[in-house]
Amino acid sequence: MAAKQKSAGGSLVELFVIVGVALGLALGIQAFLVKPYRIPSRSMVPTLEVNQRVLVNRIGNNFSDPEVGEVMVFHPPTGAQPTGDEPSCGVEVSESELCPRPSGKKSDVNFIKRVVAGPGDKLQVRNGRVIRNGKPLDEPYARPCGTGTGCDFPGEITIPKDHWFMMGDNRGESDDSRFWGPVPREWFIGGAFATYWPPKKIGPL
């Protein structure tokens, strides 16, 4: 009888150990490999809807640079979330000019946008559409700017070294690099590669 009790106790300990290890592995995978992310706004409509869930590849961000067309999760500069204390751009520009450089401080919040230009690219924005190095970017995913703010900007900017210009697909309703500048490489979290909620949206991006 004592042997059976001991065996049952051992099985219970083994179960706790297995569950603990599994939980640790799950948390480790989320921390270092894949992280879930909920879409908080309409800035990526029609590609991603509000409250849709995506998976973000964190480890890939350590081995390759963001590519034009890729959907990325990242930390914006502090000016991306107006508090009255921080400038929205790292240099002084008018409301009708593209921001060429971000403020130097990283925000704690996460944004999700699409890469539209990289280091050294010359960028213009006309009617909400990207002109990269003198050629219109093929953007079948972009929703027209309409009457939203930030549709047309005079002049051209050059993206700094190790920075990427980010824009939401919903060009008339996106707070993005047009207003607070390109994103430094070290502020990226990872690329969104699949959606897992709602069920009808499950699949790769």
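Colleague: Let me start with a detail: over which ring does the charged end of Lys 113 sit?

Modeller: A charge sits over a ring if NZ of Lys or CZ of Arg is within 6 Å of the ring centre and within 35 degrees of the ring normal. Here the charged end of Lys 113 sits over the ring of Phe 111, 5.4 Å from its centre. In another case, Arg 114 places its charged end over the ring of Tyr 141, 3.6 Å from the centre. Before we go on, keep in mind that this is a predicted model: local features need pLDDT of at least 70, side-chain atom pairs count only at pLDDT 80 or more, and totals for chains, interfaces and linings use all residues. Residues are numbered from 1 along each chain as its sequence is written, and side-chain values use heavy atoms, with hydrogens and water left out.

Colleague: Thanks. How many helices and strands does the chain have?

Modeller: Helices (H or I, at least four residues) and strands (E, at least two) are DSSP runs, numbered from the N terminus. This chain has two helices and 12 strands. Read from the N terminus, the order is α-β-β-β-β-β-β-β-β-β-α-β-β-β.

Colleague: Which strands does strand 3 pair with, and in what direction do they run?

Modeller: Strands of a sheet pair through backbone hydrogen bonds, either parallel or antiparallel. Two strands count as paired if DSSP finds at least two bridges between them. Strand 3 runs antiparallel to strand 4, with four bridges joining them, and antiparallel to strand 11, with three bridges. Met 72 has Lys 113 as its bridge partner in strand 4, while Phe 74 has Phe 188 as its partner in strand 11.

Colleague: Are the faces of strand 3 covered or open?

Modeller: Buried means under 20% relative accessible area, exposed over 50%, and partly exposed in between (1.4 Å probe, protein chains only). Both faces of strand 3 are covered: Val 71 and Val 73 are buried on one side, Met 72 and Phe 74 on the other. Across the chain of 205 residues, buried residues make up 39%.

Colleague: What kind of aromatic pair do Phe 74 and Trp 180 form?

Modeller: A pair of aromatic rings is described by the distance of the centres and the angle of the planes. Rings of Phe, Tyr and Trp (its six-membered ring) pair if their centres lie within 6.5 Å; planes under 30 degrees apart count as stacked, over 60 as edge-to-face and the rest as tilted. The structure holds six such pairs. Phe 74 and Trp 180 form a tilted one, 6.2 Å centre to centre with 50 degrees between the planes. This pair links distant parts of the chain, with Phe 74 in strand 3 and Trp 180 in helix 2, 106 residues apart. Phe 74 counts as buried because its relative accessibility is 0%, and Trp 180 counts as buried because its value is 0%. Trp 164 and Phe 188 form an edge-to-face pair, 6.0 Å centre to centre and 90 degrees between the planes. That pair joins strand 9 to strand 11, 24 residues apart, and both residues are buried. Ring pairs link Phe 74, Phe 111, Trp 164, Trp 180 and Phe 188 into a cluster.

Colleague: Which residues of the largest nonpolar core touch the most other members?

Modeller: In soluble globular proteins, nonpolar side chains tend to be buried together. A nonpolar core is a set of buried Ala, Val, Leu, Ile, Met, Phe, Trp, Tyr and Cys residues joined through side-chain atoms within 4.5 Å. The largest one here has 14 residues, and Leu 98, Leu 123 and Phe 165 touch the most other members. Strand 4, strand 5 and strand 9 are the elements that give two or more residues to this core. Contact means heavy atoms within 4.5 Å; leaving aside neighbours within four places in sequence, the contacts of Leu 98 include Val 93, Phe 153 and Ile 157.
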